Amino acid sequence: MNYNLKEISHFDFFEILEKYVKNIEVLLESENAILSEFIEKSNSLIQKVETHINQYIVPSPDIILDLLDKGYNSIFDNKYSQYSFNKVNEVKKEIERLDRFRKSLKLLIGYLSITETLFDVNNLVQIETISDKNDFILSKLNILFGDEMYSIYRILEFNNIKYRDKESREIAEDLFRRGYVILKDRYGDSDKVKISVKGASYIERKHKRNKNNKIKSELDKKIDNIIEHLTKLGHGQEIIFNEIDELRDLQYNLPKKTWAQLLKGKLIDLALSKVISTETASSVYEYLVNNNFQLLK
C-alpha cells in the first residue's frame, strides 16, 4: 500500500504532529495536576493526533493508527497493584499512559518521515536486489539516527516493499553480523534495530560515491553537448576536441574547483588564440560550471 497525503503539504503535516508532541510534553511536565483536568487534556490531545492522521493520510490510515499506544502500563491496569496494598496514584497512572502515547507518536513520526510517497506521490521505491533492499533500509535508519529502535518490517511496509516471511529478521541479523546495525533482541525474533556508527559511515560513503558518479555522468553529457554545439557553429578544429576531451578525463582526478580553474585557463588560451570567440568561451564555461565567466566579459 502506498501512503499519500491529501489536501496538505508534508511540511504542514509534520509540523502539526510535532506541535502535538510538544503540547503533550508540556502537559506531562505540569506539576500538581488535577486528575480530571489532566485526563480531559490528555484525551483531547490523543484525539487530535488521531483525527489529524485520519484526515490527511490516504488510502487507509488504520495500520498507522494502530501503532499509537493508548493503553495503560500493565502494572496500572487495576486500581490496586499486585505488588502493593496501597492504592496506586491515579495521576501517575494517567501520566504513564500519556507518556507511552508520546513515545509511540514520536516513533510513528519517524516511520512516516521515511515514507517516500508522503513526500512525492510518484516516488515509488524500486528495489531490484537484496543489496538494494539492505542499502535502502540503512539509508532510512541513518536518517533516523538516534536511540530509538525501528522495525525493518515496518520500514518495508510503509514503503510498499515486498518481503517474504521472516525476511526482516534475516536482514536484521545480516546487517548486525556486518556491524551495520545494533539489534534490540539478539536471540529472539524481533527485527527492531538502530543503525551503528559503522553502518552510518558505510551508507554515507556510498551515497557520496553515487552522488559523485551522478555528477560525473551529467558532466560527460554536458561535454558531449558542447562538442556537438561547437561543431554546428563551425568550430571543427582538432585542438578544441583535444582540449575538452582532456578535461573529461581529469574530472575524475581533480577537485571541482581545480577542474573549473583548469577549464577557464584552457578557454582563455583558445579565445586569445582566436580559435573561439570570447562569447563562446564564456558560454562554454557557464554551461559546464554553472557559474559566470567574469574574466572574459
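These are my notebook entries on a predicted model of one protein chain.

**Ground rules.** I number residues from 1 along each chain as its sequence is written. Because the model is predicted, I ask for pLDDT of at least 70 for local features and 80 or more for side-chain atom pairs, while totals for chains, interfaces and linings use all residues, and side-chain values use heavy atoms, with hydrogens and water left out.

**Entry 1: confidence.** I began with pLDDT, the predictor's confidence in each residue, from 0 to 100. The chain averages 86, and 90% of the residues score at least 70. Over residues 78–87 I found a pLDDT below 50. Beyond near neighbours in sequence, that stretch has 10 contacts in the model; a contact means heavy atoms within 4.5 Å.

**Entry 2: two packed helices.** My helices (H or I, at least four residues) and strands (E, at least two) are DSSP runs, numbered from the N terminus. At what angle do α6 and α8 pack? I looked up helix α6 (residues 130–143) and helix α8 (residues 167–177), and the angle is about 75 degrees, with the axes 11 Å apart. The axes are lines fitted to C-alpha atoms, for helices over the stretch in contact, and angles run from 0 to 180 degrees between N-to-C directions. That makes α6 roughly perpendicular to α8. For the cut-offs, under 35 degrees counts as roughly parallel, over 145 as roughly antiparallel, 65 to 115 as roughly perpendicular and the rest as oblique.

From α6, the contact uses I130, K133, N134, I137 and L138. From α8 come E167, I171, D174 and L175. Sorted by class, I get 5 nonpolar, 1 polar and 3 charged residues. Here Ala, Val, Leu, Ile, Met, Phe, Trp, Tyr, Cys and Pro count as nonpolar, Asp, Glu, Lys and Arg as charged, and the others, Gly among them, as polar.

**Entry 3: more on α8.** Which residues of α8 are buried? They are E167, S168, R169, I171, A172 and L175. Buried means under 20% relative accessible area, exposed over 50%, and partly exposed in between (1.4 Å probe, protein chains only). The buried residues of α8 pack against α6, α7 (152–158), β4 (181–183) and β5 (192–195). After α8 comes G179, with a positive phi near 80 degrees.

**Entry 4: checking α12.** Buried residues of α12 include T280, Y285 and V289. N290 follows α12 and has a positive phi, near 60 degrees.

**Entry 5: L28.** Is L28 buried or exposed? L28 is buried, with a relative accessible area of 18%, and lies in helix α1 (residues 10–29). Not counting residues up to four places away in sequence, L28 touches F38, I95, L98, D99 and R102.

Entry 6: Most residues other than glycine have a negative phi, and most peptide bonds are trans. E7, in the loop between β1 (4–5) and α1, has a positive phi of about 60 degrees although it is not a glycine. E7 is exposed, at 73% relative accessible area. N160 has a positive phi of about 55 degrees and sits in the loop between α7 and α8. At 37%, N160 is partly exposed. Lastly, I noted that the peptide bond from V58 to P59 is cis, with omega near 5 degrees. P59 lies in the loop between β2 (57–58) and α3 (62–66).
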